[in-house]
Amino acid sequence: MDATFFFDPVCPWTWRTSRWLVAVAEARGLGVEWRAFSLAILNDGQVAPEYAEAMAASGRVLRLVEALRAQGRHHDAGRLYTELGTRSHDAGDPLGDRVVAAAVDAAGLADAAPALDDDSWDEAVHESHALAYASAGPDIGSPVLMVPDARRGIHGPILTEVPGVEDAVTIWDSMLPLLRLETFHELKRARR
């Protein structure tokens, strides 16, 4: 794999970044490994009541993402996230069990769907989250990006909108050397 993308499907910022990475992967022929990053784990299970349903649905999806990864089904995990994000973030439909079921069906993953409710995958989700957090943390969230030959990953990039292909590739080409420099720590600009 040319990049590993750790994500929580509930996060709209992460969704935008994932679409950037998909555009780069298509333009450059890169392979992407999709992995779990849990905002629920990050926040020690403290979830505001208005986000409880979305966070529970996200946790179920992350089980399936890790089950697919364990089988080497990286494209299936990416397709699942595309279907899920299109239905939730793009369509403005809150993440919940109905959206998850529709995304699993549209992605053709009925064979793997039992992982959604199999809590034996929770350990794999915790391990994936811990790997991402150790790579880019502390003081990070979703997403985390790791590339080969880079000792540490990064949180982000955080994008306010999905760039066109030319700009997407420019961001990738600019970011990749920084990721591989051990002396590079952070670039940040305040949100507006």
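These notebook entries record what I looked up in the predicted model.

**Conventions.** I number residues from 1 along each chain as its sequence is written, and I use heavy atoms for side-chain values, with hydrogens and water left out. As the model is predicted, I note that local features need pLDDT of at least 70, that side-chain atom pairs count only at pLDDT 80 or more, and that totals for chains, interfaces and linings use all residues.

**Fold.** I looked up the secondary structure and found 7 helices and 4 strands, taken as DSSP runs (helices H or I, at least four residues; strands E, at least two) numbered from the N terminus. Along the sequence I read the pattern β-α-β-α-α-α-α-α-β-β-α. The radius of gyration is 16 Å, close to the 16 Å that the globule rule gives for 192 residues, so the chain is as compact as a globular protein of that length. I note that this radius is taken over C-alpha atoms and that the rule is 2.2 Å times the number of residues to the power 0.38.

**Burial and core.** I find that 47% of the 192 residues count as buried, that is, under 20% relative accessible area with a 1.4 Å probe, protein chains only. The largest nonpolar core has 52 residues; such a core is a set of buried Ala, Val, Leu, Ile, Met, Phe, Trp, Tyr and Cys residues joined through side-chain atoms within 4.5 Å. Trp20, Leu80, Leu145 and Trp172 have the most contacts inside this core. Helix H3 (residues 52-70) gives the most to it, with 8 residues.

**Trp20.** I listed its contacts (heavy atoms within 4.5 Å), leaving out residues up to four places away in sequence; among them are Leu145, Pro157, Trp172 and Met175.

Technical notes. Buried means under 20% relative accessible area, exposed over 50%, partly exposed in between (1.4 Å probe, protein chains only).
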